[in-house]
Amino acid sequence: MKKTTIKDIAHRLEVSPSTISRALSNHPDISEALKIKIKEVAQAMKYRPSAAALHLKRGSNKTIALIIPQITSFFYPSVIHGIEAVLHSQGYTLMILPTNDSLEREEENIGIAYDHDVAGVLIALTKETVNLDHFQTLKDSNIPVVLIDKVIEGTPYSSITIDDYKVSYQMVQHLYKTGCQKIIGIFGKASLTISHLRYRGFAQALADLNLPHETSQIAFVNSSSEAYTIALDMIQHHHPDGLYVMTDEIMLGVMPAIAELDLKVPEQISVLAISDGHLAQFMIPTVSHMKHDGLELGSLSAQKIIQYINAKNNNLLWNTPERIQMNTNIVFLNSTK
C-alpha cells in the first residue's frame, strides 16, 4: 500500500501542501476548524509523518545507531534487548547495522549512521578493525560514540567492557584451585585487543602459579569450526586437565571436540569459559563460566549514550573518554569440579 503523503491530503481537501503542513504543526495562521478537519482526514488516510520531518520539527534526532558484528550470534541478542529497553523508555529509536565482521561494512555503516544524522552511535568493532580513522566524520560532527565489548585501547572514545585481563587471570586461578595442573587456552583472533588482554591475564596467572606455559598450549582461532579442529589437536597432544575458553563461539567448537575424544568432564578435563550464560546452559555437560552479562552491557551502554546526548544538548562537558568496566562472577555448572 502506498504511503500517504502531505500532497495526498492536500489533493483530497483541495488546499496547498503548505497549508496541510502548517495545520499538522498547529501553526497559528491556520484556523482551528481547518486544523481539526485536516487532522481528521490525515488520520482517516493513515498519514504518518516521516522520520526526517519529525527530526526537523524537534530540532534533534531521536535515533541511536548500534553497529555490531552479528545480530544472530550468541551474545549480541541480549545486548540488543538491554539497549532497546532503555532507549524505548526514553523515547529513542534503535537502528541496528550489522557488519558481519567486515571492516568495509563497518565503514559503510558509520557512513549510514552519519547520513541519518543519528543522535549517537554504539559500536562493537569487527575482527578486522585496527584503528578508528573512519570514525572521524562522527567526531567532526560531535556525534557521541561508545565502544562496547570489542574495543581498541587508547582511543578518544568511551568504552564499556569487562576487565578482560583480570577475568582471565581469575579463571586460571579457579581451575588451579580445583586441581588442574596443565591448563591450555583457546582464544579469539590474535589481532583483537580483547584477545590480547585475555591472553595476557591467562599467561600471567600460569606464571604466578608456576604452571607450564608453552606456546603450543595456547591457540588463537577465528571461528567455531577452527576451534573444534584446534581443540582436537591440542587435547590429544598435551592431555590437559584444564581448558580455558575465551568466548561462546569457541565453546561451540570445543565441547564437541571433547565429546569426540570421549573425555569425561570434569573428571578428566575441566572447562571454564567466558559467556553470557545462554549457550553454556545448553552444552552437555553444562559449562561453568565467567558471566559477561549482555543484557547489563546493553542497558549500561544505552544509559551512557543518552547521558552524553543530554549533556551535549545542554552545552555540558561530555566528550572526555571514560573506561567503564562491568563486574563479573563465576557461574558454577557441571564442567568444573
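Helices (H or I, at least four residues) and strands (E, at least two) are DSSP runs here, numbered from the N terminus. This is a predicted model, so local features need pLDDT of at least 70 and side-chain atom pairs count only at pLDDT 80 or more, while totals for chains, interfaces and linings use all residues. Residue numbers start from 1 along each chain as its sequence is written, and side-chain values use heavy atoms, with hydrogens and water left out.

View 1. Pro 266 sits in the loop between α11 (248-260) and β9 (270-275). The bond that links Val 265 to Pro 266 is cis, and its omega is near 10 degrees. The other case is Ile 284 to Pro 285, also cis, with omega about -5 degrees. Pro 285 belongs to the loop between β9 and β10 (288-291). For background, most peptide bonds are trans, and most residues other than glycine have a negative phi.

**View 2. Asp 101 and Asp 262, two aspartates with positive phi.** Asp 101 has a phi near 60 degrees, positive despite not being a glycine. You'll find Asp 101 in the loop between β2 (93-98) and α6 (103-115). Asp 262 also isn't a glycine, and its positive phi is about 60 degrees; look for Asp 262 in the loop between α11 and β9. On burial, the cut-offs are under 20% relative accessible area for buried, over 50% for exposed and partly exposed in between (1.4 Å probe, protein chains only). Asp 101 counts as buried because its relative accessibility is 12%, whereas Asp 262 is exposed because its relative accessible area is 65%.

**View 3. Thr 129 and its side-chain partners.** Thr 129 is in the loop between β3 (120-123) and α7 (136-140), and it counts as buried because its relative accessibility is 6%. Which side chains make polar contacts with that of Thr 129? One is Glu 106, at 2.9 Å, and another is Thr 126, at 2.7 Å. (A polar contact is a pair of N or O atoms within 3.5 Å; within protein, one must be able to donate a hydrogen and the other to accept it, and residues adjacent in sequence count only if both atoms are side-chain atoms.) Setting aside neighbours within four places in sequence, Thr 129 is in contact (heavy atoms within 4.5 Å) with Leu 103, Glu 106, His 134 and Ile 152.

View 4. Glu 14 lies in the loop between α1 (6-13) and α2 (17-24). Buried or exposed? Glu 14 counts as exposed, because its relative accessibility is 73%. Glu 14 and Asn 334 are 320 residues apart along the chain, and their C-alpha atoms are separated by 73 Å.

View 5. The secondary structure comes to 12 helices and 12 strands. Taken along the principal axes, the C-alpha atoms fill a box of roughly 85 × 40 × 30 Å. Buried residues make up 49% of the 337 residues. Of the contacts between residues at least 6 apart in sequence, 71% join residues at least 24 apart.
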